[in-house]
Amino acid sequence: MVRQVSSPVRWLESVEKLISSGVDTFIEVGPGKVLSGLIRQINRGVRCLNVEDSATLKLALEFSEQA
């Protein structure tokens, strides 16, 4: 547990790797948009969707059907 809490998350490297692999849409599940905001700071060219309730889930599903 100590190692897990004190080790770096490597968030920037992880998001950059996903983007370089062709990921262009990220979905944040849960209340708030903190992770989406961080992703937009890394690369404004990707889409970030938020799912926190049934209404936003429906919107995300509709978006995925259009893509």
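Trp11 is located in helix H2; helices (H or I, at least four residues) and strands (E, at least two) are DSSP runs, numbered from the N terminus. The relative accessibility of Trp11 is 31%, so Trp11 counts as partly exposed. On this scale, buried means under 20% relative accessible area, exposed over 50%, and partly exposed in between (1.4 Å probe, protein chains only).

The model is predicted: local features need pLDDT of at least 70 and side-chain atom pairs count only at pLDDT 80 or more, while totals for chains, interfaces and linings use all residues. Residues are numbered from 1 along each chain as its sequence is written, and side-chain values use heavy atoms, with hydrogens and water left out.

Trp11 also belongs to a nonpolar surface patch, together with Val9, Val34, Leu35 and Leu38, and the accessible area of the five comes to about 450 Å². Patches are made of residues with over 30% relative accessible area and no salt bridge; like charges are joined within 9 Å, nonpolar side chains (Val, Leu, Ile, Met, Phe, Trp, Tyr) within 5 Å. A salt bridge is a side-chain nitrogen of Lys or Arg within 4 Å of a carboxyl oxygen of Asp or Glu. Helix H3 (residues 34-42) gives the most to this patch, with 3 residues.

Arg10 sits in the loop between helix H1 (2-6) and helix H2 (11-20). Its phi is positive, about 65°, although Arg10 is not a glycine. Most residues other than glycine have a negative phi. Arg10 counts as exposed because its relative accessibility is 51%.

Beyond its neighbours within four places in sequence, Ile39 is in contact (heavy atoms within 4.5 Å) with Trp11, Val15, Phe26, Val46 and Cys48.

The chain has 4 helices and 2 strands, in the order α-α-β-α-β-α from the N terminus. Overall values follow.

| Property of the chain | Value |
|---|---|
| Radius of gyration, over C-alpha atoms | 14 Å |
| Span of the C-alpha trace along its principal axes | about 40 × 25 × 15 Å |
| Accessible surface (Shrake-Rupley method, 1.4 Å probe) | about 5400 Å² |
| Buried share of the 67 residues | 18% |

A compact globule of 67 residues would have a radius of gyration near 11 Å, by the rule of 2.2 Å times the number of residues to the power 0.38. Carbon and sulfur atoms account for 58% of the accessible surface.
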